[in-house]
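User: Could you take a close look at one helix for me, and walk me through what surrounds it? I'd like the cut-offs spelled out as you go.

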Amino acid sequence: MPKSASALETLPPAATAALRKLGADLTTARKRRKQSLRAWAVRLDVSVPTLMKMEKGSAAVSIGVYATALWIIGRHEALGLVADPKEDAAALENEISVAAQRHRRSPATPKE
């Protein structure tokens with residue numbers, strides 16, 4: 001049996017919850033389309049047990065499988081926005097802090 005990646009064992013609870021929600025939402029999308037597990041598994045090119053793991057939000061399922069499922073429901077563009085730098089508030093705060101420190105350290109130049 002293959003050893004699981006340590007990253008899966010240390011997944012933050014918030015990330016686990018987000019994956020569970022994504023899996024549940026994909027389940028809802030599949031059911032609203034009246035598609036069987038087998039039909040979606042074929043479209044995703046995975047086994048039914050793998051699809052069931054994805055629908056439970058398993059981090060062990062490849063991101064490619066999640067991406068394909070999003071494509072099936074027409075939401076694949078959302079994946080490209082997940083880490084959009086424009087939405088990275090922590091990086092923006094850091095840049096503002098660095099700029100403010102730089103401004104405080106620079107000597108004032110007299111106006112002529």
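Analyst: Happy to! Let's take helix H4, residues 48–55, where Leu 51, Met 54 and Glu 55 are buried (under 20% relative accessible area; exposed is over 50% and partly exposed lies in between, with a 1.4 Å probe and protein chains only). These residues span an arc of only 95 degrees around the axis, so they sit on the same side of H4; the arc is taken from the directions between the helix axis and the C-beta atoms. Helices here are DSSP runs of H or I with at least four residues, numbered from the N terminus.

A word on the source: this is a predicted model, in which local features need pLDDT of at least 70, side-chain atom pairs count only at pLDDT 80 or more, and totals for chains, interfaces and linings use all residues. Residues are numbered from 1 along each chain as its sequence is written, and side-chain values use heavy atoms, leaving out hydrogens and water.

What does the buried side of H4 pack against? Its partners are helix H2 (13–32), helix H3 (37–44) and helix H5 (63–72), with contact meaning heavy atoms within 4.5 Å. Leu 51 and Met 54 also belong to the largest nonpolar core, which has 15 residues; they are among the members that touch the most others, along with Leu 26, Trp 40, Leu 44 and Ile 73. Such a core is a set of buried Ala, Val, Leu, Ile, Met, Phe, Trp, Tyr and Cys residues joined through side-chain atoms within 4.5 Å. H2, H3, H4 and H5 each supply at least two of its residues, and H5 gives the most, with five.

The term means a side-chain nitrogen of Lys or Arg within 4 Å of a carboxyl oxygen of Asp or Glu. Because Arg 30 lies in H2 and Glu 55 in H4, the pair ties together parts 25 residues apart in sequence. Both ends are buried, Arg 30 at 7% relative accessibility and Glu 55 at 11%. The whole structure holds two salt bridges; another pairing is Asp 25 with Lys 21, also at 2.6 Å, N to O.

Just after H4, Gly 57 takes a positive phi of about 85 degrees.
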